[in-house]
Amino acid sequence: MLGRTAHPVARTARPAAGVAPGADALRGVWLTRGREGSLTVYTPAEGGLRRWTETRPGTGRWSPPVLVPVEGLTHLSVTQDVNAYVHFVGRRERRKADGRTVVDVVYALQYQTGRPVSEWRSLGNPHKGAEAAGRLGEPEVVVTPTGMVHIFVRSADGGLALRREQSDGKWRPWSDRRGSGIASTLAAIALTSGRIELFAATVDGVLHWSQQAPGGTLGEGRPARLAAVPGTVAVLETGPDRPTYYWTDPGGRGVVAYRAGAWPTALGGAPGEGPHAALRALVDGYDCTVLAHRGLDGSAVVGVGVTEDEGNGVWWSDTGVRSLAPPALALDAFGRVLMAVVDEDGVPRVARQTDSSGLTLSEWRTL
């Protein structure tokens, strides 16, 4: 069961705007669900990504790990389209024989659960010069309901660059979408209506881009003096064509929820470094929002509250399980929440919602 808690938040150091992520080892855990209902867990591994797939939907039986080869990733963004195809976009660094480091954005696609991933294709870099190219930020990918892939990335000068796929499958060149002062990873969403929204923490507040209609221009980022710890923003569609953004408050109010046209709402909690995971799930028959993050001591923390009813509180629980990366969330074939973490040995562990009242998780299982 989840009990309500509220604790102060300690700020953690983040890379300054305009500083490249560097060639640090990729960290993370990603969850997807195929069209047939089977879940897949991805984690970084030497030489690429390691992948575990449920052998039967919702049973908790998993295949042995399979290596998805790809070298040099420093960041990875994963999303799915309406056909449940899995889209991978990464920032890659490669060392040339002459000692130069080449940075580009790469893209791959997995059509079916458990099947091979396509060849990783380079989409280049919006910067021509090596120095600026090396300061490229972390890409974020979204796919509209019509299947149009959009890749957003912070440019070397803290602006916004976009590359997108055309309806004939060809890619348009990189374009500058304006904006400045972007401090870290972007949060983007393709809504069920087809509109795209984008949100970024800056040195002075936030920038918010919003299409007025599906397929329309993204326009310029609207600035707002909202305080968000860079690198913590997540977004979830909580109503028809209505996204809610979640981030860590630098003033010590824990997690914050925000929808355009309303004031930010403090949700409590004590998040540590890294982004939040968010999804909607049925809990005791209620449409709830489930949130997860790493706590101050690195353990995985989960919270639940009624969707778009933040004023009535979010109930937080520390799982006591440490994770090297921010936890991931997904719904299994039966609508149960599954949470995935990476333990201190770099191995994924999962826990699944039980039939007990409230959001109660099962014992953790190491894959």
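Me: How many salt bridges does the count come to in this structure?
Reply: The model is a predicted one. Side chains of opposite charge can pair when their charged atoms come close. Here the count of salt bridges comes to 15.

Me: Which side chain meets Arg280 in a salt bridge, and at what N to O distance?
Reply: Arg280 is partly exposed, with 30% relative accessibility. The partner is Asp287, and the N to O distance is 2.5 Å.

Me: Is Asp249 buried or exposed?
Reply: Asp249 meets Arg253 in a salt bridge, with 3.5 Å from N to O. Arg253 is partly exposed at 42% relative accessibility. Buried means under 20%, and Asp249 has 7% relative accessibility, so Asp249 counts as buried.

Me: Is Glu131 buried or exposed?
Reply: The side chain of Glu131 forms a salt bridge with that of Arg135, at 2.9 Å from N to O. Arg135 is partly exposed, at 25% relative accessibility. The cut-off for exposed is over 50%, and Glu131 has a relative accessible area of 55%, so Glu131 is exposed.

Me: How many aromatic pairs does a search of the whole structure find?
Reply: A pair of aromatic rings is described by the distance of the centres and the angle of the planes. Searching the whole structure gives a total of 8 aromatic pairs.

Me: How many residues apart in sequence are the parts that the pair of Tyr85 and Tyr111 ties together?
Reply: The rings of Tyr85 and Tyr111 are edge-to-face, with 5.0 Å between centres and 80° between planes. Tyr85 lies in the loop between strand 5 and strand 6, and Tyr111 in the loop between strand 7 and strand 8. The pair therefore ties together parts whose separation in sequence is 26 residues.

Me: Is the pair of Phe199 and Tyr245 stacked or edge-to-face?
Reply: Phe199 lies in strand 14 and Tyr245 in strand 18, so the pair ties together parts 46 residues apart in sequence. Both Phe199 and Tyr245 are buried. Their ring centres are 4.4 Å apart and the angle between the planes is 25°. Planes under 30 degrees apart count as stacked, so the pair of Phe199 and Tyr245 is stacked.

Me: How many residues of strand 14 are buried?
Reply: Ile196, Leu198 and Ala200 point one way from strand 14, while Glu197, Phe199 and Ala201 point the other way. Residues on both sides are buried. The number buried in strand 14 is 6 of 6.

Me: Which residue in strand 15 stands opposite Ala201?
Reply: Strand 14 and strand 15 run antiparallel and are joined by 5 bridges. They form a hairpin with 4 residues between them. Opposite Ala201 stands Val206.

Conventions: Residues are numbered from 1 along each chain as its sequence is written. This is a predicted model: local features need pLDDT of at least 70, side-chain atom pairs count only at pLDDT 80 or more; totals for chains, interfaces and linings use all residues. Side-chain values use heavy atoms; hydrogens and water are left out. Rings of Phe, Tyr and Trp (its six-membered ring) pair if their centres lie within 6.5 Å; planes under 30 degrees apart count as stacked, over 60 as edge-to-face and the rest as tilted. Helices (H or I, at least four residues) and strands (E, at least two) are DSSP runs, numbered from the N terminus. Buried means under 20% relative accessible area, exposed over 50%, partly exposed in between (1.4 Å probe, protein chains only). Two strands pair if DSSP finds at least two bridges between them. A salt bridge is a side-chain nitrogen of Lys or Arg within 4 Å of a carboxyl oxygen of Asp or Glu.
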